[in-house]
Amino acid sequence: NNQQSTLLDEDAFLLIAHRGASTIAPEHTLASYQLAMDMDADYIEIDLQMTKDGVLVAFHDETVDRTTDGSGKVAEMSLADIKKLDAGSWFNAENPDRAKEEYVGIQVPTLEEIFIAFGDSANYYIETKQPAQSEGMEEKLLELLDQFELLGASQPEGKVIIESFSADSLTTLHQMDEDIPLIQLIDNMNQAIPAAETFELYVEYAVGIGVSSKKVDEAYITVAREAGLLVHPFVVDKLAEGEKMKSCGATGIFTNDVDAVSSLK
Ligand code: G3P
Ligand code: CA
């Protein structure tokens, strides 16, 4: 198990519970996060979006249609509307072998509720989603992190990691608090290895990158590591693929199935 103080060491191999333990519980619910903690994941991964009335909630898709009984865009719904939704029955319907009565009617959590539930006991890997359309998302995120005393010297390094596909969102965060470890997510459709100067640019504000496990090979990971970046491929659910990523030099993986890959730690 990684000791808290070495979370960001490059020889630590981190298991990041992607949307929580999302193989066995509805993604982005207190249940999926609790199960990830029970499985000794190094981090719970939270996708952040903002409601119409400016509240940060844990939600992946732009619309609520796939993972609730509702319909419409998160950004166009009030928190009150979102709190009326059933965010678990879809999982039971899609996974009858893993269906649980307790998932029926489970709600979409706010980031505040997640911090109230887990506080210091969890490590948080938080993605700012649609940040350009979410006025003040970074400020609200830092306010909550400060309110729950999850930043600063009182916490082990790496207690909170913030990730985004948006370099603007990350550089905004870096200007507000340069001590927060940031991960630049890359959606590199063409699999080409970014130029060294691209990685050097990331190094100015980020400690690492997140990139699709389907689009990285040893050469890609080696260049990123030589630039001084941690590499966290997403999303790896099979042990053999995790072993391959680790042997290629990855320093952790996003996984929906922590149990399946736990021997990598
Ligand atoms: O945040 C890492 C990975 O989750 C990015 O892809 O679409 O699952 O948020 P997505
Ligand atoms: Ca994510």
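Patches are made of residues with over 30% relative accessible area and no salt bridge, with like charges joined within 9 Å. Welcome to this predicted model, where local features need pLDDT of at least 70, side-chain atom pairs count only at pLDDT 80 or more, and totals for chains, interfaces and linings use all residues. Residues are numbered from 1 along each chain as its sequence is written, and side-chain values use heavy atoms, leaving out hydrogens and water.

**A charged patch**
- Glu135, Glu139, Glu143 and Asp146 form a negative surface patch, Asp and Glu being counted as negative.
- Glu139 sits in helix H5, residues 137–147 (helices are DSSP runs of at least four residues, strands of at least two).
- Glu139 counts as partly exposed because its relative accessibility is 36% (buried means under 20%, exposed over 50%, partly exposed in between, with a 1.4 Å probe and protein chains only).

**Around Ile106**
- You will find Ile106 in the loop between helix H3 (89–94) and helix H4 (111–118).
- With a relative accessible area of 16%, Ile106 is buried.
- Beyond its neighbours within four places in sequence, Ile106 is in contact with residues including Pro26, Thr29, Leu85 and Ala87 (contact means heavy atoms within 4.5 Å).
- Ala87 is 19 residues from Ile106 in sequence, and their C-alpha atoms are 5.4 Å apart.

**Around Ile24**
- The loop between strand E1 (14–17) and helix H1 (30–38) holds Ile24.
- Ile24 has 28% relative accessibility, so it counts as partly exposed.
- Not counting residues up to four places away in sequence, Ile24 touches Leu35, Met39, Phe91, Arg98 and Tyr103.
- Phe91 is 67 residues from Ile24 in sequence, with 8.9 Å between their C-alpha atoms.

Conventions. Chains lettered and ligands numbered in written order. Patch = residues over 30% accessible without salt bridge, like charges linked within 9 Å, V, L, I, M, F, W, Y side chains within 5 Å. Areas by Shrake-Rupley, 256 points an atom, 1.4 Å probe, with all protein chains shown as cover. Salt bridge = Lys/Arg side-chain N within 4 Å of Asp/Glu carboxyl O. Charge placed at Lys NZ, Arg CZ, Asp CG, Glu CD.
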